[in-house]
Amino acid sequence: MGNIVNLLPVMFFLILMLLVSVYIKKSSANERQKNFTLEYFIGGRALGGLVLAMTTAATYSSVSTFVGGPGMAWVIGYGWLYMAIVQVVVIFLVLGVFGKKIALISRRIDAVTVIDILRARYQSDNISTLSAIVMVIFFCATMVAQFVGAAKLFEAVTGFSYLTGLSLFGLIVILYTAIGGFKGVAVTDTFCALAMIIGLCLLLDAMLKAGGGFEQIMANIAANHPDMLEPLSDGKMPISLYISQWLLVGICTLSLPQSVVRGISYKDTKALHRAMIIGTIVIGAMTLTATLIGILSKGILPENLEAYGNSVDNITPVAIVKSMNPFWAGITIIGPVAATISTVSSLLLSAASAIIKDIYMHETEKRCRTLSNASTQRLSLVAAITLGIAVYLIAISPPGVIWQINMFSFGGLETAFFWVLILGLFWPKANNIGALAAMAGGVIVYCATMALKISIFNLHQIVIGIGCSLILFLIGNMFGRPVSRKTLKIFFPKNFSE
């Protein structure tokens, strides 16, 4: 039987998120009547700097930040912290590289999604359809990992069953995402980011007290696990893993479509610059604190992995239970639950937009038909709820290690969109054949090497995927038609204006 004291804070937080979404829906009723697609999928391009920063940070920071990352830090030590430092610049990269360019282009062509921009750039329905399929598949895989991670942590901390936790926040996040749309997701993400920071600070404070202070804990680690203080951790953190992770969770994340779409939604340049600064501080504080907690756990908790069910995913739940009383444990798990629902809500909305806006509505418009606001709203709600329920059902029988699922999905999305976005937005000669070859071929190669466990120099398969994607782009680009001057004037106005 679970502890109701643990459950109440989470229940309060989830109900608050639902109420916020209902309020956003009511306050945005007039805008949705005028243009439902613009308001529902990108919040009417009206996000301020704080909300933009928080929603981008919350979307990037998933349950893996609280569960998978600290678990790996418990095994490896400071090497994992040194690797995690690269994540501090993620939001600065995403908004700095793509933010202004994406915003200007989206306003010129009235784009609502990343796929709208890709369709306009490459003048190809094949690219947009493939992009939508790739996004939905890897988004769903990521959402499953989020649900599983949060439900496991919920079960360990509260004593209520895995299914109870999964149902509680799984169904509520589906509902509030469908109701609130992009603006609702962005505003609730702000609450979620704050909850994550508070939860991490509470856990860090409790662990320091439980271990007798930072110096005492580090002395324990130095005496029993000196390798954890070394950058390479006695071979557990080789250079190949550094390179792999710096690519996978650092540099290549600037092409994740769920982050890039934030560039369409902000209201002005001032908001963009403010978001870059705030977001960098927030993501740095969350990532580095969570990783440090994993390291400190080694000096406080039992050292045998069998005590955690032979899974590093259980390190954080055990740390919460061992170092906090039931009430504060209940407050603290709001953080990882918030990380889960913020990531899931963003991905769920992006997946729904890919199906309804980028495929169904586009095909309808090609047949010279126009969907009414009411029809668009109904279909969008159905798509979001259906996808959410499908992910929930898959998560009932949980798959493997959360961190691995998350990284697989990250790699798939990055392989698909990295060169297609970068070369498409910054290289005028990039054409649709090159983009199609890079996306399709890159993803196939990446998935095949992951399945067959093929690697080069022990590097993660993202290296093969990204490398092959670039090669295929350049080869395909030799066979495609030249880009039309009309397209070039939209995407490169300074170079091709009359």
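The model is predicted, so local features need pLDDT of at least 70 and side-chain atom pairs count only at pLDDT 80 or more, whereas totals for chains, interfaces and linings use all residues. Residues are numbered from 1 along each chain as its sequence is written, and side-chain values use heavy atoms, with hydrogens and water left out.

A cavity is a set of points where a 1.4 Å probe fits but cannot get out. A pocket is an open set with protein on both sides within 12 Å along at least five of seven lines. Lining residues have an atom within 4 Å of a point. Grid points are joined across faces, edges and corners, and a volume is the space filled by probe spheres set on the points. Helices (H or I, at least four residues) and strands (E, at least two) are DSSP runs, numbered from the N terminus. In residue classes, Ala, Val, Leu, Ile, Met, Phe, Trp, Tyr, Cys and Pro count as nonpolar, Asp, Glu, Lys and Arg as charged, and the others, Gly among them, as polar.

The structure contains 4 cavities of 30 Å³ or more. The largest cavity has a volume of about 220 Å³. Its lining comprises 19 residues, and Ser64, Thr65, Gly69, Gln87 and Val249 lie nearest its centre. At least two lining residues come from each of α5 (63–66), α6 (68–76), α7 (78–84), α16 (269–297) and α21 (402–426). Helix α21 gives the most, with 4 residues. The lining of this largest cavity has 10 nonpolar and 9 polar residues, and no charged ones.

The second largest cavity has a volume of about 130 Å³. It is lined by 15 residues. Nearest its centre lie Thr113, Val261, Leu349, Ser350 and Ser353. Two or more lining residues come from α9 (114–122) and from α19 (334–366). The largest share, 5 residues, belongs to α19. The lining of the second largest cavity divides into 9 nonpolar, 4 polar and 2 charged residues.

The largest pocket has a volume of about 420 Å³. It is lined by 21 residues, of which Ile109, Asp110, Asp116, Lys357 and Glu365 are the closest to its centre. Helices α3 (36–42), α9, α19 and α20 (373–396) each supply at least two lining residues. Here α19 gives the most, with 5 residues. The pocket lining holds 7 nonpolar, 8 polar and 6 charged residues.

Helix packing was described next. Axes are lines fitted to C-alpha atoms, for helices over the stretch in contact, and angles run from 0 to 180 degrees between N-to-C directions. Angles under 35 degrees count as roughly parallel, over 145 as roughly antiparallel, 65 to 115 as roughly perpendicular and the rest as oblique. A crossing is left-handed if the near helix is turned anticlockwise from the far one by less than a right angle, and right-handed if clockwise. Contact means heavy atoms within 4.5 Å.

The axes of α4 (residues 49–60) and α11 (residues 162–210) come within 8 Å and cross at roughly 70°. Helix α4 is therefore roughly perpendicular to α11. The crossing is left-handed. On the α4 side, contact involves Val51, Met54, Thr55, Ala58 and Thr59. Helix α11 contributes Val185, Ala186, Val187, Asp189, Thr190, Ala193, Leu194 and Met196. The contact of α4 with α11 has 9 nonpolar, 3 polar and 1 charged residues.

Helix α11 also packs against α17 (residues 315–323), at an angle of about 65° and with the axes 9 Å apart. This crossing is left-handed. Leu203, Ala206, Met207 and Ala210 of α11 meet Thr316, Ala319, Ile320 and Ser323 of α17. The contact of α11 with α17 has 6 nonpolar residues, 2 polar and no charged.

Helix α12 (residues 214–224) packs on α16 at an angle of about 60°, with the axes 9 Å apart. The two helices are therefore oblique to each other. Phe214, Ile217, Met218 and Ile221 of α12 contact Leu292, Ile295 and Leu296 of α16. The residues of this contact are 7 nonpolar, no polar and no charged.

Definitions and conventions
On a 1 Å grid over the protein atoms alone, a cavity is a set of points where a 1.4 Å probe fits but cannot get out, and a pocket is an open set with protein on both sides within 12 Å along at least five of seven lines; lining residues have an atom within 4 Å of a point.
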